[in-house]
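Dear colleague,

Please find below the structure I promised to hand over, followed by a summary of what was found in it.

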Amino acid sequence: MQMTTLHDLMVHELKDLYSAERQLVQALPKMAQSASNSELQVAIATHLEQTKEHVARLEQAFEMLGESGKGMKCKGMEGLIEEGKSLLEEDIDPDVLDAGIIAAAQRVEHYEIAAYGTVREYARTLGHDEIAALLTATLDEEKSADQLLSGLAEGGINALAERDGQQGATQEGVKGPAASPRTSGAAQRSKTGAKRR
Ligand SMILES: [Fe+2]
Ligand SMILES: [Fe+2]
């Protein structure tokens with residue numbers, strides 16, 4: 001794709017987002033299924049429905065521009081989804097997995113927030129006000145999803161994951177975490193705890 005103008009770059013970025021959103025429509029159901037916390041399941045399922053709408057809004061934008069949305073694969077989103085999936089392959093406590101699913105989902109939201117913020121500004125600069133309005137609607141939903149996830153993490157899911165870690169430590173007693181088959185989970189928990197302090 002030849003890019004000589006801001007318009008070309010905007011179309012490029014929109015195609016990247018179109019690929020990212022379509023990958024998410026495929027990936028989010030599995031993420032929701034893997035969560036144990038019912039509020040987290042609902043939050044992800046709700047965002048899946050919003051994500052389908054994000055795909056539709058991008059299709060509207062391409063129609064307005066007389067462009068096709070196809071032809072690109074968002075490698076950034078592919079990587080984020082892969083990282084999220086790799087958590088599911090770990091020997092991981094369900095409450096700790098919930099905290100990890102939130103971490104993966106928030107990375108995804110932040111990626112989208114950055115991309116939509118940038119491309120909406122291109123649309124505004126180029127006078128595509130209708131497209132900018134479509135992008136704003138999606139951007140607002142990405143931000144709400146991110147805040148909802150923060151609320152779930154801070155409102156109990158991180159504490160549940162931490163509580164499991166403490167129970168493990170008590171049961172293991174003087175043997176310490178090295179003797180536990182859940183060592184890798186414990187290591188992740190202590191790192192998460194350190195970050196939040
Ligand atoms: Fe989205
Ligand atoms: Fe999103």
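Of the 197 residues in the protein chain of this predicted model, buried residues make up 44%. The chain exposes about 10600 Å², and carbon and sulfur atoms supply 51% of that area.

The protein chain contains six helices and zero strands. Among contacts between residues at least 6 apart in sequence, 80% join residues at least 24 apart.

Because Glu21 belongs to helix H1 (residues 6-34) and Glu112 to helix H4 (residues 94-125), the pair ties together parts that are 91 residues apart in sequence. Glu21 and Glu112 are both buried.

Helix H3 may also be of interest. Spanning residues 75-88, H3 has 14 residues and reaches 20 Å from its first C-alpha to its last, close to the 20 Å expected at 1.5 Å a residue. Which residues of H3 are buried? They are Met77, Leu80, Ile81, Gly84 and Leu87. These residues cover an arc of only 105° around the axis, so they fall on the same side of H3.

With kind regards

Note on methods. Residues are numbered from 1 along each chain as its sequence is written. Chains are lettered from A and ligands numbered from 1 in the order in which they are written. This is a predicted model: local features need pLDDT of at least 70, side-chain atom pairs count only at pLDDT 80 or more; totals for chains, interfaces and linings use all residues. Side-chain values use heavy atoms; hydrogens and water are left out. Helices (H or I, at least four residues) and strands (E, at least two) are DSSP runs, numbered from the N terminus. The expected span of a helix is 1.5 Å times one less than its number of residues. Buried means under 20% relative accessible area, exposed over 50%, partly exposed in between (1.4 Å probe, protein chains only). The arc is that of the directions from the helix axis to the C-beta atoms. Contact means heavy atoms within 4.5 Å. Accessible areas come from the Shrake-Rupley method with a 1.4 Å probe; for residues, only the protein chains shown count as cover.
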